Amino acid sequence: MSSVQLNPPVNLSTFLHRQPRSFLIAEVAAMVIGIGFLDYLSGRDITLFLLYAVPIFLAAWYADRGWALGCAVLSALAWWAANFGVHTFSTDFGYSVAAVSRLGYFVFVAIGTAALRSQRDADRARMDALEQNSALKQEILRISEREQQRIGQELHDGLCQYLAAIACAAKCLRDDLEERVLPEAKAATEIETLLNDAVRQTRSLARNIFPVQMDEAGLPAALEDMVATTNRLMSVAVSFETRGEIRIRDPQVAMHLYRIAQEALNNAIKHGNARQIVIALYGNDERLRLVVSDDGRGFQQKPLLQAGMGMKTMQYRAREIGADLNIGTTNGAGSTVTCTVPLAESLSQ
């Protein structure tokens, strides 16, 4: 059975936009002449001058202001011809003044409609620019994440393996020197220890740059690993707790939450002088909530335009996943960063 593909229905506005300019002007002129003929038939008791605004509006909206002004002049002439023999004015001068007033009305319709169209086009261009700007920001963020992933993988698969091989060679040298009972064996042992430490730190750095693949269990595991690395390398006490059911099927949501927690942790250590930091992840049937609290000195909240790059990045990441980001702080009593994601967002694919 062959399928028949139906074209989507075309409304009047789309039809008029797609027409050639010459066809549209001819149709508008025909409308003016038609309205003038009906105005002539209606006699002196019924006036149809308001209907002339319809073709003027169409000319201004779907053509341009010049054609609309031409249509306004044509409408004034049509009204003059249709009512010349039946006008109720005592003199022809009065009728001429009335015709000029009608022309002024028609010109006002033409200019006003053209202005509305210009405003509409400007608003549409502004919206397109905003959408392109948002898409550009998203692409820059994706490129940044891919580049971090590449660097992390190269550190893990390249430098780590190279250092591990050197550490293995240092171990072999140490064993050989110990068999010969040479004093240089102690120096070889120190070199091996330093190389093993370098391997561990490089692996921690690689995981910090780009954590494990995010899935339903990846975010808690990545946050726990970040906490362990921070406790090992920094002179702070960081703890991690989770409560409820954590369900995140979109890896981008998980990655944004991880980066928000990472930025909040760095701010607490570098700017808040915190000594104790708690990273918590809570989940229920309605929302997913990430909380990073510390006992530091807090900070003065600033408008987004005056905030640092880290604060702007957290705000942007929260917006990208439809989350609500709140930063509460009290000078001398620490700060709390809370990011709440609706369940529909955290489960999106």
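Me: Angles between axes under 35 degrees count as roughly parallel, over 145 as roughly antiparallel, 65 to 115 as roughly perpendicular and the rest as oblique. Why are helix 8 and helix 9 called roughly antiparallel?

Reply: This is a predicted model, in which local features need pLDDT of at least 70, side-chain atom pairs count only at pLDDT 80 or more, and totals for chains, interfaces and linings use all residues. Residues are numbered from 1 along each chain as its sequence is written, and side-chain values use heavy atoms, with hydrogens and water left out. Helix 8 packs against helix 9 (residues 309–320) at an angle of about 160°, with the axes 10 Å apart. That angle falls in the class over 145, and the two helices are therefore roughly antiparallel.

Me: What makes up the contact of helix 8 with helix 9?

Reply: Contact means heavy atoms within 4.5 Å. H256, R259, I260, E263, A264 and N267 of helix 8 meet G310, M314, R317, A318 and E320 of helix 9. These residues divide into 4 nonpolar, 3 polar and 4 charged, where Ala, Val, Leu, Ile, Met, Phe, Trp, Tyr, Cys and Pro count as nonpolar, Asp, Glu, Lys and Arg as charged, and the others, Gly among them, as polar.

Me: Why does V181 count as exposed?

Reply: Buried means under 20% relative accessible area, exposed over 50%, and partly exposed in between (1.4 Å probe, protein chains only). V181 has 70% relative accessibility, and therefore counts as exposed. V181 lies in the loop between helix 5 (92–179) and helix 6 (184–209).

Definitions and conventions: Helix = DSSP H or I, 4+ residues; strand = E, 2+ residues; numbered from the N terminus. Axes fitted to C-alpha atoms, helices over the stretch in contact; angles between N-to-C directions.
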